[in-house]
Number of protein chains: 2
Amino acid sequence: MTGVELLLLTPDPDREDAGTAALARLLAARGLAVAVRRLVPEEAEVERALRQALEGRALVVVLEEAAGPLARRGLARLLGARLVLNARLLEALAAAFQARGQAMPREAEGLALVPQGATVLTTPGGPPGLLVEAPSALVALLPAAAPPGPILEQLWPLLEARARREGVTAQRTLKAIGLDLAEVEARLTSRLAGRPDLVVRCFPHHGEVWVRLVAHGATAAGAEATLARAEPVIAEVLGEAYYGRDEEPLEAVVGRLLRERRLTLAVAESCTGGLLGHRLTEVPGSSAYFERGLVVYSNEAKQALLGVPATLLAAHGAVSGPVAEAMARGVRERAGTDLGLAVTGIAGPEGGSPAKPVGTVFIAVASPDGVEARRFRFGGTRSEIKALSALWALELLRRRLLRRDPPGGVSA
Amino acid sequence: MTGVELLLLTPDPDREDAGTAALARLLAARGLAVAVRRLVPEEAEVERALRQALEGRALVVVLEEAAGPLARRGLARLLGARLVLNARLLEALAAAFQARGQAMPREAEGLALVPQGATVLTTPGGPPGLLVEAPSALVALLPAAAPPGPILEQLWPLLEARARREGVTAQRTLKAIGLDLAEVEARLTSRLAGRPDLVVRCFPHHGEVWVRLVAHGATAAGAEATLARAEPVIAEVLGEAYYGRDEEPLEAVVGRLLRERRLTLAVAESCTGGLLGHRLTEVPGSSAYFERGLVVYSNEAKQALLGVPATLLAAHGAVSGPVAEAMARGVRERAGTDLGLAVTGIAGPEGGSPAKPVGTVFIAVASPDGVEARRFRFGGTRSEIKALSALWALELLRRRLLRRDPPGGVSA
């Protein structure tokens with residue numbers, strides 16, 4: 001059995017684990033598939049977790065959140081190795097204390113102990129890592145406080161030789177919005193059956209549908225070629241809903257389209273409360289196209305900041321198609337942008353009615369060609385309804401930008 | 001060895017795992033500490049993972065993301081049990097297909113197979129779960145698509161008897177902002193040493209410092225009493241930085257303070273791009289105090305929407321204390337709220353200078369008593385700088401609200 005296992009030693013038993021998620025992506029980009037990720041909050045469990053992880057794995061990577069010799073001690077015991085004082089580590093520790101103007105306490109010397117035969121991996125300015133060669137596996141201990149990239153960089157040659165004994169893995173994720181998962185699965189199965197070198201899996205991801213392709217081959221080029229053959233088939237099945245690949249989030253795709261078309265954008269949000277602006281501005285350089293956002297939580301704000309007529313609010317209610325359209329038009333005109341995007345809805349848990357239950361959301365896109373609103377009914381908690389509303393606002397904007405008739409041409 | 005292990009069977013090897021995090025919190029609230037959480041993306045690994053999880057655990061909970069008999073088949077093999085067709089499950093499956101107007105395909109019958117002796121756990125409207133009693137452990141299989149609460153509710157009596165053979169665990173998390181982790185640790189160690197029934201661990205959590213107390217006792221009351229004795233000691237060490245406990249996030253604490261004082265709020269955001277409004281509106285009922293948010297990404301928007309003078313922008317730059325103050329004053333006056341909160345800064349990666357490097361952020365709070373701005377220098381990625389800016393904006397507002405002189409008295 002080969003494959004990679006990631007362990008996170010953390011005192012936080014209910015965290016959402018971004019550390020090993022990022023590490024899994026780094027390894028996947030190098031063709032190393034992660035078979036298991038394990039989070040170990042209890043110190044008493046560390047040695048058992050290491051032992052289980054070593055069962056037949058080619059590579060075990062341990063992220064340590066707390067400084068301390070916990071993982072090293074457990075590993076030394078498992079391998080029957082002695083713990084020895086490492087002169088380089090001791091020096092680095094003393095220097096760190098000196099830099100803070102403190103004398104190194106006697107107990108801190110424990111941090112310089114390593115299993116005999118281990119290699120110390122240093123990076124400029126960051127805490128060091130360790131590499132230990134077990135009979136069946138390589139074990140890398142990395143401090144969670146530092147980005148793992150620089151330390152992994154030193155390990156690639158060794159890791160690749162060890163972990164790739166049974167071939168290479170390449171993977172790609174194709175992302176889509178607005179499709180039925182079961183339907184995508186059924187259509188892909190019928191199109192891609194009988195390909196033993198390719199695993200295709202569909203799964204939901206925060207309101208999106210993701211399709212992950214994993215190709216196995218004797219070489220990286222072979223695995224990549226398998227992916228390249230499969231990708232157009234999947235893109236065709238996903239159709240208009242297919243928005244991007246791998247790491248690029250929807251807001252970056254939308255940002256790229258706005259840049260290419262030299263268009264500017266302003267947004268008006270009610271139920272999303274700022275989340276739409278937040279997502280748009282997660283993209284570096286978004287100030288080139290994002291001009292302003294207005295979070296108009298009260299009816300007064302909708303009137304004063306967007307010019308939504310009081311009569312419209314009275315006739316249709318704040319959560320309605322006409323008000324969404326007036327918000328999109330209003331923010332576009334007042335900001336002087338090419339496009340206006342507006343969201344109004346009921347995120348709950350209060351505020352629903354039989355005609356407009358919690359989760360009812362209207363999204364409108366305004367361009368020089370006019371304005372269109374669409375009605376949605378989302379399920380879930382307040383937080384999930386907000387997230388789905390922002391997702392679909394970005395998606396409607398993306399689809400508008402992709403239409404053959406560009407919205408309003410090119411701005412100066 | 002006792003304790004709980006959580007497994008997530010998912011096709012998504014690099015997800016941030018919110019499912020088992022939520023489950024760990026549910027179990028912790030009932031006194032069951034989670035020793036290990038494991039994410040298993042590869043189907044070929046499921047049986048090994050189940051076997052390892054069963055090694056001496058009292059309780060194993062498996063969340064399954066994909067529908068299918070994968071975990072059941074692995075579990076049956078491990079326990080030497082036969083898979084048998086369950087009439088209740090078969091009926092439920094047929095009904096689900098009928099509701100969609102489809103005939104049940106022959107292959108779907110596999111979903112009605114369960115290890116002999118297993119108990120089917122149903123909830124109204126949701127997909128069913130399974131409970132299997134292994135010699136040493138209880139194994140619960142839950143569908144990830146449904147909230148786990150209703151199914152767990154049926155299991156508590158059984159779980160408690162099994163999992164608590166070696167006593168009860170109670171835990172509490174105290175959360176603070178603006179402290180040095182190492183300092184908190186040193187002070188807590190000297191105050192709480194020599195308490196064998198209490199484990200105290202400090203760790204960083206997205207710019208906050210969290211202190212987790214875990215108490216062990218023969219009874220729930222005993223463990224709770226240990227926590228109650230320790231909590232004031234920790235609160236004293238954390239001081240003004242201590243904002244709340246357990247599940248209540250900072251925005252909910254701030255919301256509670258605003259409600260209690262009957263104060264209203266408007267915000268003006270530059271570098272946070274809407275994140276501050278998003279966090280404030282995550283709280284149900286926030287429309288009672290949150291009036292509006294303005295995301296003023298351009299200088300034009302700062303002038304037009306907040307009345308920030310062009311001369312001020314020219315003299316100090318958009319990222320400056322005077323502009324932050326003018327933004328806070330402007331949004332407060334125009335929205336007619338009791339308080340105004342403003343953030344302006346450089347989230348990067350571009351836009352820094354030697355005098356104002358990336359991560360420089362100014363936050364201002366305006367009240368009827370005047371306005372105060374504070375300068376920060378945050379590290380990290382664009383996304384992290386945005387997150388820390390929003391965090392500290394909420395924290396400065398919280399500290400302002402807690403001062404003896406309430407800001408501007410009570411609004412009508």
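What follows is a short chat about a predicted model with chains A and B.

Reader: Start with chain A. How many helices and strands are in its secondary structure?
Author: Chain A has 13 helices and 17 strands. This is a predicted model, so keep that in mind throughout.

Reader: What does the C-alpha trace of chain A span along its principal axes?
Author: About 80 × 60 × 45 Å.

Reader: And which domains does the assignment give for chain A?
Author: Domain 1 covers 1-166, domain 2 covers 168-247 and domain 3 covers 250-402. The centres of domain 1 and domain 3 of chain A, taken over C-alpha atoms, are 46 Å apart.

Reader: What share of chain A counts as buried?
Author: 46% of its 412 residues. On contacts, take the pairs in chain A at least 6 apart in sequence: 67% of them join residues at least 24 apart.

Reader: Now the sheet. In what order do the twelve strands run?
Author: The order is β6(A)-β7(A)-β8(A)-β3(A)-β1(A)-β2(A)-β2(B)-β1(B)-β3(B)-β8(B)-β7(B)-β6(B). The sheet is open and its pairing is mixed.

Reader: Which strands stand at the edges?
Author: β6 (119-121) of chain A and β6 (119-121) of chain B. Each has a single partner strand, so one side of each is left without a neighbour in the sheet.

Reader: What does the twist average from one strand to the next?
Author: 20°.

Reader: Where the chains meet in the sheet, do β2 (residues 34-40) of chain A and β2(B) run parallel or antiparallel?
Author: Antiparallel, with three bridges joining β2(A) to β2(B). Arg38(A) has Arg38(B) as its bridge partner there.

Reader: How many residues does each chain put into the whole contact?
Author: 55 from chain B and 55 from chain A.

Reader: Which elements of chain B supply at least two residues each?
Author: On the side touching chain A, they are α1 (18-29), β2 (34-40), α2 (46-54), β10 (198-205), α9 (275-280), β14 (290-296) and α13 (382-402) of chain B. By class, that side of chain B has 25 nonpolar, twelve polar and 18 charged residues.

Reader: Back to strands. Which strands does β3(B) bridge to?
Author: Strand β3 (residues 59-64) of chain B is joined to β8 (residues 138-143) of chain B by six bridges, and the two run parallel. Six bridges also join β1 (residues 4-9) of chain B to β3(B), again parallel.

Reader: Which residue in β8(B) partners Glu64(B)?
Author: Pro143(B). Val62(B) has Leu141(B) as its partner in β8(B).

Reader: Is β3(B) mostly covered or uncovered?
Author: Mostly covered: six of its six residues are buried. Leu59(B), Val61(B) and Leu63(B) point one way, while Val60(B), Val62(B) and Glu64(B) point the other. In a regular strand, side chains alternate between the two faces of the sheet.

Reader: Switch to helices. At what angle do α6(A) and α7(A) cross?
Author: Roughly 145°, with the axes of α6 (residues 181-192) and α7 (residues 220-238) of chain A coming within 10 Å. The crossing of α6(A) and α7(A) is right-handed.

Reader: Which residues meet there?
Author: From α6(A), Val184(A), Arg187(A), Leu188(A), Arg191(A) and Leu192(A). From α7(A), Ala230(A), Val233(A), Ile234(A) and Val237(A). By class, this contact has seven nonpolar, no polar and two charged residues.

Reader: Which residues are buried in α8(A)?
Author: In α8 (residues 250-260) of chain A, they are Glu251(A), Val253(A), Val254(A), Gly255(A) and Leu258(A). Their cover includes β12 (242-245), β13 (265-269), α9 (275-280) and α13 (382-402) of chain A.

Reader: What follows α8(A)?
Author: Arg262(A), with a positive phi near 50°.

Reader: Which residues of α3(B) are buried?
Author: In α3 (residues 70-79) of chain B, Ala71(B), Arg72(B), Gly74(B), Leu75(B) and Ala76(B) are buried.

Reader: Last one. Where does Pro309(B) lie?
Author: In the loop between α10 (299-306) and α11 (310-316) of chain B.

Reader: Why does Pro309(B) count as partly exposed?
Author: Because it has 14 C-beta neighbours inside 10 Å. The cut-offs are 20 or more for buried and 12 or fewer for exposed. Pro309(B) and Met327(B) are 18 residues apart in sequence, and 9.9 Å apart in space, C-alpha to C-alpha.

Terms used:
Residues are numbered from 1 along each chain as its sequence is written. Chains are lettered from A and ligands numbered from 1 in the order in which they are written. This is a predicted model: local features need pLDDT of at least 70, side-chain atom pairs count only at pLDDT 80 or more; totals for chains, interfaces and linings use all residues. Two strands pair if DSSP finds at least two bridges between them. Helices (H or I, at least four residues) and strands (E, at least two) are DSSP runs, numbered from the N terminus. Axes are lines fitted to C-alpha atoms, for helices over the stretch in contact, and angles run from 0 to 180 degrees between N-to-C directions. Domain bounds come from an automatic or database domain assignment. Two residues are in contact if their C-beta atoms, placed from the backbone, lie within 7 Å. Ala, Val, Leu, Ile, Met, Phe, Trp, Tyr, Cys and Pro count as nonpolar, Asp, Glu, Lys and Arg as charged, and the others, Gly among them, as polar. A crossing is left-handed if the near helix is turned anticlockwise from the far one by less than a right angle, and right-handed if clockwise.
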